[in-house]
Amino acid sequence: MTGLRIKPDVMDSNPLDLAELVIMDRDWVFDRPAEGELIAEVNGAMCMYRIWFTWQEDSGGLTLSCAFESKLPKTAMARAHSLLALINEKMWLGHFDISSEDSTVIFRHSLLLSGGAGTTAEHLQELLDYAIEECDRFYPAFQALAWGGKSPAEALQISLFETVAEA
């Protein structure tokens with residue numbers, strides 16, 4: 001990605017304006033359905049992700065969420081929560097949850113931007129990249145648990161498995 005050039009006045013305003021510029025620079029389909037909300041869709045390595053930023057101006061909170069397109073079956077929910085606990089132990093930034101409304105797996109990370117704190121285009125680009133990488137990394141674990149009959153520990157190992165080869 002090329003360096004995104006941002007005018008100084010954009011950096012001092014609503015961080016969703018900055019996030020929108022970052023998403024536009026990536027040529028992603030997006031929408032601003034409500035004040036304080038920006039939604040985009042992007043193809044990951046194995047599925048489509050719905051990404052959204054939520055800005056809570058009163059508290060200075062900016063939340064980045066990235067949801068899998070698939071939903072977990074109700075029969076897998078107890079095991080899925082065990083898998084969540086195992087995965088979240090491995091995370092150093094953000095966490096995964098499961099939506100109580102529709103059983104969708106969601107990566108979330110929040111930034112506190114109150115008191116004059118701000119963010120940059122580069123920072124938002126890195127957060128987007130990290131969210132997508134983590135979703136790509138753990139998507140197979142949720143699929144193996146939900147549709148492959150794997151235990152939470154077995155499903156986690158699928159995502160943590162790294163191929164090492166010599167040429």
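This is a predicted model: local features need pLDDT of at least 70, side-chain atom pairs count only at pLDDT 80 or more; totals for chains, interfaces and linings use all residues.
Residues are numbered from 1 along each chain as its sequence is written, and side-chain values use heavy atoms, with hydrogens and water left out.

Helix H2 (residues 15-25) and helix H4 (residues 121-147) have axes that come within 10 Å and cross at roughly 65°; axes are lines fitted to C-alpha atoms, for helices over the stretch in contact, with angles from 0 to 180 degrees between N-to-C directions. The crossing of H2 and H4 is right-handed, a term used if the near helix is turned clockwise from the far one by less than a right angle. From H2, the contact (heavy atoms within 4.5 Å) involves Pro15, Leu18, Ala19, Val22, Ile23 and Asp25, and from H4 it involves Ala121, Leu124, Gln125 and Leu128. Of the residues in this contact, eight are nonpolar, one is polar and one is charged; Ala, Val, Leu, Ile, Met, Phe, Trp, Tyr, Cys and Pro count as nonpolar, Asp, Glu, Lys and Arg as charged, and the others, Gly among them, as polar.

## The sheet and its edges

Six strands form an open sheet in the order E1-E2-E3-E4-E6-E5, with antiparallel pairing; two strands pair if DSSP finds at least two bridges between them. Because E1 and strand E5 (95-98) stand at the edges with a single partner strand each, one side of each is left without a neighbour in the sheet. On average, and with direction ignored, neighbouring strands of this sheet are turned by 25° against each other.

Alanine 34 stands opposite glutamate 37 in E2, and the two strands form a hairpin with two residues between them, where glycine 36 in the turn has a positive phi of about 90°.

## The chain as a whole

The chain has five helices and six strands, which are DSSP runs numbered from the N terminus (helices H or I, at least four residues; strands E, at least two). Along the sequence they follow the pattern α-α-β-β-β-β-α-β-β-α-α. Of the 167 residues, 46% count as buried, meaning under 20% relative accessible area with a 1.4 Å probe and protein chains only.

Methods:
Buried means under 20% relative accessible area, exposed over 50%, partly exposed in between (1.4 Å probe, protein chains only).
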